[in-house]
Amino acid sequence: MNKECEKAELIRELGIIGSGSGFKSDIQYINIIGSIEGHSILPQDTKTTKYEHLIPELVAVEENPEVKGLLLILNTVGGDVEAGLALSELVAGLSKPTVSLVLGGGHSIGIPLAVSADYSFVARSATMTLHPIRTSGTLITAEPTFEYMKKTQERVVDFIAAHSHASRQEIEEKMNCTDNMANDVGTLLFGPEAVEMGLIEEIGSLSAALQKLRALIGQTEGRESENKAIEDEPVDKNLQK
């Protein structure tokens, strides 16, 4: 596969500009768009982000010494809860600086993804929806089924509360609100409201997100230089006795 074909395939499947495209950067850019596809394949006419495609990309961010940071761009309606949480945990577990940017919408399980980064931005025109988890297909109306759904929702709430400045109480209140959305339970937040709540840290767009990521990378490199200088300092033999 030549370089142009490789570039086209990466953009088509992942929305990622690869090293073979001639674009050089020490920042990895990953898009999460449409519906996050998990263990079940969604219809062909549904725009999806396949979580099995992003897992190796996130591993590569951690492993590749040439990559210094990650910019995560989201415009998603949500999707598979377990797939979304898996990706969120991977982003949160990266040792390199990460910044997220919500454009258009960061709904449902897109919220844990947005808050998983070290620092988060949302466009002023973007929206984010907090609502209870959903299920599809056959539902067995037995107590263990509802207990499992409750615990799954608690996993989502716990993650959001741990990785944002929003309180658990407010997250749950907005998730279960019945007077904000005409045909649904939950709360639709506009960009400034998400920041006011503490869900997202700042209103901004691409330039602001990149500037913040560069600053975080600089801080990380500064700490690493200081640690290396301490390690390289000669040891006083008198102190060893």
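A: Let us start with the contacts in the protein chain that have a separation of 6 or more, of which 68% are accounted for by residues 24 or more positions apart. Please keep in mind throughout that this is a predicted model.

Q: How many helices and strands does the protein chain have, and what percentage of its residues count as buried?

A: The protein chain has nine helices and eight strands, and 41% of its 241 residues count as buried.

Q: How should I read a helix, and which residues of helix 3 are buried?

A: The general idea is that an α-helix has 3.6 residues a turn, so residues three or four places apart point the same way. In this structure, helix 3 (residues 81-92) has 12 residues and reaches 16 Å from its first C-alpha to its last, close to the 16 Å expected at 1.5 Å a residue. Its buried residues are Val-81, Ala-83, Gly-84, Leu-85, Leu-87, Ser-88 and Val-91, and what covers them includes strand 1 (27-37), helix 2 (51-63), strand 3 (69-79), strand 4 (98-106), helix 4 (110-115) and helix 5.

Q: How do the axes of helix 5 and helix 6 cross?

A: The axes of helix 5 (residues 143-162) and helix 6 (residues 168-175) come within 9 Å and cross at roughly 130°. The two helices are therefore oblique to each other, and helix 5 passes helix 6 in a right-handed crossing. On the side of helix 5 the contact is made by Gln-153, Glu-154, Val-156, Val-157, Asp-158, Ile-160 and Ala-161, and on the side of helix 6 by Arg-168, Ile-171, Glu-172 and Met-175. Sorted by class, this contact of helix 5 with helix 6 has six nonpolar, one polar and four charged residues.

Q: Is Thr-76 buried or exposed?

A: Thr-76, which lies in strand 3, is buried, with a relative accessible area of 1%. Beyond its neighbours within four places in sequence, Thr-76 is in contact with Ile-32, Ile-33, Gly-34, Ile-36, Gly-105, Gly-106, His-107 and Gly-110. The C-alpha atoms of Thr-76 and Gly-105 are separated by 5.8 Å, although the two residues are 29 residues apart along the chain.

Conventions: Residues numbered from 1 in each chain as written. Predicted model: local features only at pLDDT ≥ 70, side-chain atom pairs only at ≥ 80, totals over all residues. Heavy atoms only, no water. Axes fitted to C-alpha atoms, helices over the stretch in contact; angles between N-to-C directions. Helix = DSSP H or I, 4+ residues; strand = E, 2+ residues; numbered from the N terminus. Parallel < 35°, antiparallel > 145°, perpendicular 65-115°, else oblique. Left-handed = near helix turned anticlockwise from the far one by under 90°. Contact = heavy atoms within 4.5 Å. Nonpolar A, V, L, I, M, F, W, Y, C, P; charged D, E, K, R; others polar. Expected span 1.5 Å × (residues − 1). Buried < 20%, exposed > 50% of the residue type's maximum accessible area, 1.4 Å probe, protein only.
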